[in-house]
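This briefing goes through one protein chain by topic. Please have the sequence and the model open while reading.

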Amino acid sequence: ITLGINMEPEPTNNDPPLPGPSDDDDLVDTAPVFLQENEAEEVQVDDSVPIEDEEMDSNMDTNMDVEVEGVAPGSSDQMLEGAEEEEEEGEVALPTLTLDGHRGPVYAMSLVSPSPGAYYLATGSGDDTAGLSSIDTATGATKFETLPGHSESVAAVAFSKDQTLVASCDYAGTISLWMKAADGLPPPPASSSTPDSPAAPTTYKLDRTLPPGPTDVEWVAWHPLGNVFSVGSTDGTVWMYLAKTGAVMQVFAGHDPDNGDGGGVTCGAFSNCGKHLLTGGGEGSFRIWNPKNGLARHVFKDGQDNCQFTKGQVTCFHQNLGASKDIVAVGGNDGFVALVHIPSKKTVGSGLHHSPEAGETSSVECLRFSPANVVNGNLLASGGVDGNLKVFEIGVGGGNQSGLLRSTASHKSGGVTCLRWKETTGLDRALYTGCADGKIRLWDVRPSTALVLKVFKGHEDMVLCLDVLDNVLVSGSDDHKIHVWAV
């Protein structure tokens, strides 16, 4: 297997052209196509500096620990329990638009905007289909198109960084790539495609279905510098593909699906710089991979090299997008949260989202750093099955490092399933939470006890996913519906 990726290679007279698409690209190949030596492409990054030192803030104290006011660093009670009082409901908002194209739970979504006021929404569902919705906020016009070809639940969908491709992946291991048919947002037809009466998609058309590789796919992530993507499977492997040809660039093996809580590779993404691939596993490890040679640069696991980490399954992680761009927050199904510093390969903070009682479920379901323009990206929000939302301020730079608990909220009627920060102008510390009670709430997290600003009602079952872009909020639910709000 040849390693190395370069999104915009400079051709030479000695290099043969990369295989391009053909008229048969929409056919499923019978065997994986591995990248050949003369087809290798290399990312233009500086690897001359060891990972221990690269991009490392000279003022950073890598012994930074999470510190909660009134609790000493290192204490098992570092992250305080959420507020006990019932939250006060805010203004109620009903959906602006509803899309009824799916006939099963909506598990995943990805939202992009090709032009002001125009949006594409990719969705994955338990009805064994992916969906592509076109939304025009100026006119309120919508179009839903079914992306067929899947035989099991579609658990992962994502647009490429340039929005020209959509990847859809299911629990049968099928990976399909859909290419944008034309620029601009076409006017929606009078009727939309549904799983019961699918029409051939026109906005994004099938580019290729990749040959068999991984088994059931849990997630998909695109490289930040070009059209390379990775998927993670319940069989413990991670596969990296070149989208242009469908070639397998690398297979990463190390997560053990038969060890610990199982579940294979539960989450994954490329690092912000694109030099590393980050994955979390059901056996409780978090791994930093080298995309060029397929080897793990470091493995974080509880008790290994004196590492304090989740003792259960890694459920989620998120990388800082601001001043602390090399910090990753990692959550586990035992309520544990760790802060990982990629260049130094050290944990620089740890604590509990929740201290569970005997037999109590306390999984951390979602983690999210604030946007770079909100406190330099150094606010970390965590949501869990316990119904608690917590917001910490993570300190960086010289001197004493701290991660102070700034705000808490308690969802008394159900666990927090997903969250997103509000990125538009106005309140500089506000975020959305999706909840098991079917509601989405907008919180002002400036006070120590967060205030509910607005409650978005419309779903009749658990909110499974949400996304927000500009002034548009979208959500998917166990009730099979996709709701759109103008926010």
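Which residues of the largest nonpolar core touch the most other members? They are Ile-175, Val-220, Trp-222, Phe-229, Val-231 and Tyr-241, in a core of 17 residues. The model is predicted. Its secondary structure comes to 33 strands and 0 helices.

**Chain as a whole**

- The protein chain has 487 residues, and buried residues make up 55% of them.
- Its accessible surface comes to about 19,400 Å², and carbon and sulfur atoms account for 47% of that area.
- Of the contacts between residues at least 6 apart in sequence, 56% join residues at least 24 apart.

**Largest nonpolar core**

- Beyond four places in sequence, Trp-222 touches Ala-158, Phe-159, Ser-160, Lys-161, Leu-165, Ala-167, Leu-177, Asn-227, Val-228, Phe-229, Ala-243 and Phe-270.
- As a general background, nonpolar side chains tend to be buried together in soluble globular proteins.

**Sheet β3-β4-β5-β6**

- These 4 strands form an open sheet in the order β3-β4-β5-β6, and the pairing is antiparallel.
- The edges are β3 (106-115) and β6 (141-147); each has a single partner strand, so one side of each is left without a neighbour in the sheet.
- From one strand to the next, the twist averages 20 degrees.
- Antiparallel pairing of β3 with β4 (residues 118-125) runs over 7 bridges, and Val-112 stands opposite Tyr-120 in β4.

**Sheet β19-β20-β21-β22**

- A further open sheet has 4 strands in the order β19-β20-β21-β22, with antiparallel pairing.
- At its edges stand β19 (314-319) and β22 (346-352); since each has a single partner strand, one side of each is left without a neighbour in the sheet.
- The twist here averages 20 degrees from one strand to the next.
- Strand β21 (residues 336-341) is joined to β22 by 6 bridges, the two running antiparallel.
- Phe-336 stands opposite Leu-352 in β22.

- Ser-382 lies in strand β24 (residues 379-384).
- Is Ser-382 buried or exposed? Its relative accessibility is 2%, and because buried means under 20%, Ser-382 counts as buried.
- The side chains of Ser-382 and His-353 make a polar contact at 2.8 Å.
- Leaving aside neighbours within four places in sequence, the residues in contact with Ser-382 are His-353, Cys-366, Leu-367, Asn-388, Leu-389, Lys-390, Phe-392 and Leu-419.

**Loop residues with positive phi**

- Most residues other than glycine have a negative phi.
- Asp-128 is not a glycine, yet has a positive phi of about 70 degrees.
- The place of Asp-128 is in the loop between β4 and β5 (130-136), and at 26% relative accessibility Asp-128 counts as partly exposed.
- His-480, also not a glycine, has a positive phi of about 80 degrees.
- His-480 is in the loop between β32 (472-477) and β33 (482-486); with a relative accessible area of 31%, His-480 is partly exposed.

Definitions and conventions. Residues numbered from 1 in each chain as written. Heavy atoms only, no water. Pairing = 2+ DSSP bridges. Axes fitted to C-alpha atoms, helices over the stretch in contact; angles between N-to-C directions. Buried < 20%, exposed > 50% of the residue type's maximum accessible area, 1.4 Å probe, protein only. Contact = heavy atoms within 4.5 Å. Areas by Shrake-Rupley, 256 points an atom, 1.4 Å probe, with all protein chains shown as cover. Polar contact = N/O pair within 3.5 Å; in protein donor to acceptor, adjacent residues only side chain to side chain. Core = buried A, V, L, I, M, F, W, Y, C linked by side-chain atoms within 4.5 Å.
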